[in-house]
Amino acid sequence: MDRQLLSAIAHRDHPIAAPISDANLDRLLRRAALPEGARILDLGCGEGEWSLRALELVPSARADGVDISPHAVASANEAATRRGVADRLTLHTSPADAFTAPQPYDLGLCVGATHAFGGLTETMEALARFVRPGGLALLGEAYWERPPTPEVAEAIGEYPDLAGTVEAAESKGWLTVYAHVSDLAEWDEYEWSWTGTLARWAADNPGPDGEQALAVMREHRDMWLDGYRGALGFVTLLLRRM
């Protein structure tokens, strides 16, 4: 099984695909105060939950969702059809850094996908190419609440603290106008959903694929419980392009 399929399975019960509750996702989108007819771009959209919520919030809005995973894009298309917004959501199976658009957007989304552009500052540069002056970005990014052990840092990645994350996000002509810092309960809900959904799928699918899924789940769970739980934070920044 490829990792994209494993990730799609793991996120089935938590399509937000980030340590954020339903209520806080909706609050972030409401704070964006999108105009009628808003154009939305979701880079690394996964199953499209952020775009779907935005389209439900603003019935005249339209969105483009971009993701490299055909499994996630297929799930997003099914969800859009089921929720009656498929005519306003255009999905692109493409690397986020290869996507182009002829017109600017009112809101650019990139939640948990800055690796697609090589990092946070590069992501903000990319968003500036897509979002109109005065437009907004919702950026979700990890940061370290406290210094990790060298082993955990090597496995998870190098991140600054919260202050350094905000500074980096604002370094390319953006201004933070709101933010949400995920709490431990949101992290636990996300991680138990991720690992639990994959574990249940593995139990229902005995054989080589199930064994691989179970191994991936256990490796992830061990790293979370014994490594970054309580140390790795997540912030979603609402930024305005200056």
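This is a predicted model: local features need pLDDT of at least 70, side-chain atom pairs count only at pLDDT 80 or more; totals for chains, interfaces and linings use all residues.
Trainee: Which residue does Arg200 form a salt bridge with?

Mentor: The partner is Asp13, and the closest N and O atoms of the two are 2.6 Å apart.

Trainee: How many salt bridges does the structure hold?

Mentor: There are nine salt bridges in the structure. One of them joins the side chains of Arg83 and Glu56, with 2.9 Å from N to O. Here too distant parts of the chain are linked, because Arg83 is in the loop between helix H4 (70-82) and strand E3 (89-93) while Glu56 is in helix H3 (residues 49-57), 27 residues apart. Both are partly exposed, Arg83 with a relative accessible area of 27% and Glu56 with 38%.

Trainee: Which residues are linked in a network of salt bridges?

Mentor: That network takes in Asp22, Asp26, Glu49, Arg53, Glu56 and Arg83.

Trainee: And what about Asp106, is that one buried or exposed?

Mentor: Asp106 is buried, since its relative accessible area is 14% and the cut-off for buried is under 20%. Its salt-bridge partner is Arg132, with the closest N and O atoms 2.6 Å apart. Arg132 lies in strand E5 (residues 131-144) and Asp106 in strand E4 (residues 105-111), so the pair ties together parts that are 26 residues apart in sequence. Arg132, at 31% relative accessibility, counts as partly exposed.

Trainee: New topic, the sheet. In what order do the seven strands come?

Mentor: The order is E3-E2-E1-E4-E5-E7-E6, in an open sheet whose pairing is mixed. E3 and strand E6 (174-181) are the edge strands, each of them pairing on one side only. From one strand to the next, the twist averages 15°.

Trainee: In which sense do strand E1 and E4 pair?

Mentor: Strand E1 (residues 39-43) and E4 pair in the parallel sense, over three bridges. To locate the pairing in the structure, look for Leu41, which stands opposite Gly108 in E4.

Trainee: Which strands does H2 lie across?

Mentor: H2 lies across E4, E5, E6 and strand E7 (232-241), and H2 runs at about 155° to E6.

Trainee: Last one, the nonpolar core. Which residues touch the most other members?

Mentor: In the largest nonpolar core, which has 48 residues, those are Leu34, Ile40, Trp50, Leu107, Leu138 and Leu198. The element that gives the most to this core is H8, with six residues. There is also a second, separate core of 25 residues, which includes Leu43, Ala128, Ala168 and Ala169.

Trainee: What is Trp50 in contact with, apart from its neighbours within four places in sequence?

Mentor: Leaving those neighbours aside, the contacts of Trp50 include Ile16, Ile20, Leu25, Leu28 and Leu29, and also Asp42, Leu109, Val111, Leu138 and Thr236. As a general point, nonpolar side chains tend to be buried together in soluble globular proteins.

Methods:
Residues are numbered from 1 along each chain as its sequence is written. Side-chain values use heavy atoms; hydrogens and water are left out. A salt bridge is a side-chain nitrogen of Lys or Arg within 4 Å of a carboxyl oxygen of Asp or Glu. Helices (H or I, at least four residues) and strands (E, at least two) are DSSP runs, numbered from the N terminus. Buried means under 20% relative accessible area, exposed over 50%, partly exposed in between (1.4 Å probe, protein chains only). Two strands pair if DSSP finds at least two bridges between them. Axes are lines fitted to C-alpha atoms, for helices over the stretch in contact, and angles run from 0 to 180 degrees between N-to-C directions. Contact means heavy atoms within 4.5 Å. A nonpolar core is a set of buried Ala, Val, Leu, Ile, Met, Phe, Trp, Tyr and Cys residues joined through side-chain atoms within 4.5 Å.
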